[in-house]
Amino acid sequence: MLGSVVVGIGIAGSVRMRDLMAPLSSSAAEQISIRGFVSRRSLEDQQGVKQISMTEALSRDDIHVAFICTENTSHEENIRQFLEAGKHVCVEYPMTLSHTSAVDLWNLAQQKGLVLHEEHIELFTPDFKQLKKDISGKTLEEGKLHFTGGPLKANFGFPSFSGIARLTWLVVLFGELTVTSVDLVEEKENKYMKMTAHLLTQQHKPLTWIEERGPGLGRAKHVEFRFQDVTITELPAGQREPVGLFMQDLLLFCRKLQGEVSAAELQAERNRILHCLELADRIQQITENTHA
Ligand SMILES: NC(=O)C1=CN([C@@H]2O[C@H](COP(=O)(O)OP(=O)(O)OC[C@H]3O[C@@H](n4cnc5c(N)ncnc54)[C@H](O)[C@@H]3O)[C@@H](O)[C@H]2O)C=CC1
Ligand SMILES: C=CC1=C(C)/C(=C/c2[nH]c(/C=C3N=C(/C=C4\NC(=O)C(C)=C4C=C)C(C)=C\3CCC(=O)O)c(CCC(=O)O)c2C)NC1=O
């Protein structure tokens, strides 16, 4: 049995605790039990789980795994502390807010022989799974992915990082990308922002990625993918699944802990994650250069 701790008790942290308290039966998730949670606030027991200090979480021999569910600006420091202490880490996306820090952390994990896993629930959604099937074998001519949502709280980082889930969709669907230009509109007083990134596939086909957030904007994705023979303007509904998104991610993490994911798969996943973070970094740099 592996002992675990959840760090950061927001939406994601609470869902992690719920899933750890009730793992999918007869699944690999049953091998992890939760021994406590860490928060910078002083909290009552949560879902029957006790708060413990960071020092205790890092030093206890019966804690082998940390779930990092804090705001994005804290991920890097949290991951490093747990890896240094010899614990496996599952971190909610984005792993960090720069490509170089992610490379560093990954090297550290490898050196220590630990699993470093970045959650990507967007890849488990029924609409994504269906979309991937629907477009397989088709030749893209041009595409657009426009995400809208409410304003994020502070400390979620530049939109290309907080929105890494959308970039990950594009990379999984269309392969490695390059950035051609970026436009950012920001109205801080209105809590409004719109980032438009122009990307190119390796076949030089244009993709536009828009992240737009503001009060009153509902969480939604609008797509327009033009292929040689067909144009997709709506996400397919997909088949609802009995296992929740975070639970699916937990199962993947557990398979990694048990050494059931092949080296080739791990390498491909790591390449994808680092490529996305590199693109996010590039998008931020281009914006900072043009708006300086
Ligand atoms: N909510 C979701 O469905 C998903 C969230 N994520 C990721 O999970 C992470 C957390 O996101 P959410 O749980 O949605 O955000 P949240 O805002 O609900 O939670 C963030 C956590 O940080 C804590 N926190 C922030 N600043 C603090 C401070 N100064 N002192 C004490 N505590 C502080 C909050 O209390 C909470 O524990 C992010 O990395 C996000 O990208 C990833 C996929 C899905
Ligand atoms: C209750 C059901 C619920 C669902 C179905 C849900 C889905 C969901 N939330 C996500 C991210 C996220 N979701 C949130 C937050 C929220 N998400 C919300 O639905 C609400 C109400 C908030 C907060 C007020 C955040 C902060 C992320 C990570 C950042 C992001 O990708 O936007 C993602 C991955 C990103 C993507 O697909 O683009 C999914 C699939 N989240 C949920 O909480």
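The axes of helix 4 (residues 99-112) and helix 9 (residues 263-291) come within 8 Å and cross at roughly 155°, where axes are lines fitted to C-alpha atoms, for helices over the stretch in contact, and angles run from 0 to 180 degrees between N-to-C directions. Helix 4 and helix 9 are therefore roughly antiparallel to each other, a term for angles over 145 degrees, while those under 35 count as roughly parallel, 65 to 115 as roughly perpendicular and the rest as oblique. In this contact, His99, Ala102, Val103 and Trp106 of helix 4 meet Arg270, Leu274, Leu277, Glu278 and Asp281 of helix 9, two residues being in contact if their C-beta atoms, placed from the backbone, lie within 7 Å. Helices (H or I, at least four residues) and strands (E, at least two) are DSSP runs, numbered from the N terminus.

The model is predicted: local features need pLDDT of at least 70 and side-chain atom pairs count only at pLDDT 80 or more, whereas totals for chains, interfaces and linings use all residues. Residues are numbered from 1 along each chain as its sequence is written, and chains are lettered from A and ligands numbered from 1 in the order in which they are written.

Helix 4 also packs with helix 3 (residues 72-84), their axes coming within 10 Å and crossing at roughly 15°; helix 3 and helix 4 are therefore roughly parallel to each other. The residues that meet are Glu76, Ile79, Arg80 and Leu83 in helix 3 and Ser101, Leu105, Leu108, Ala109 and Lys112 in helix 4.

| Helix pair | Axis distance | Crossing angle |
|---|---|---|
| Helix 3 and helix 4 | within 10 Å | roughly 15° |
| Helix 4 and helix 9 | within 8 Å | roughly 155° |

Around ligand 1 there are 16 residues, the closest being Gly10, Ile11, Ala12, Arg40 and Glu92, where a residue is near a molecule if its C-beta atom, placed from the backbone, lies within 6 Å of it. Helix 1 (residues 11-21) gives the most to this shell, with three residues. The shell around ligand 2 includes Ile11, Glu122, Ser162, Arg166 and Leu245.

UniProt, in an unreviewed entry, places the feature "domain: Biliverdin reductase catalytic" at residues 128-238; UniProt positions are given in the numbering used here, feature names are shortened, and annotations may be inferred rather than shown by experiment. The end C-alpha atoms of residues 128-238 lie 8 Å apart, and the span is 21% helix and 44% strand.
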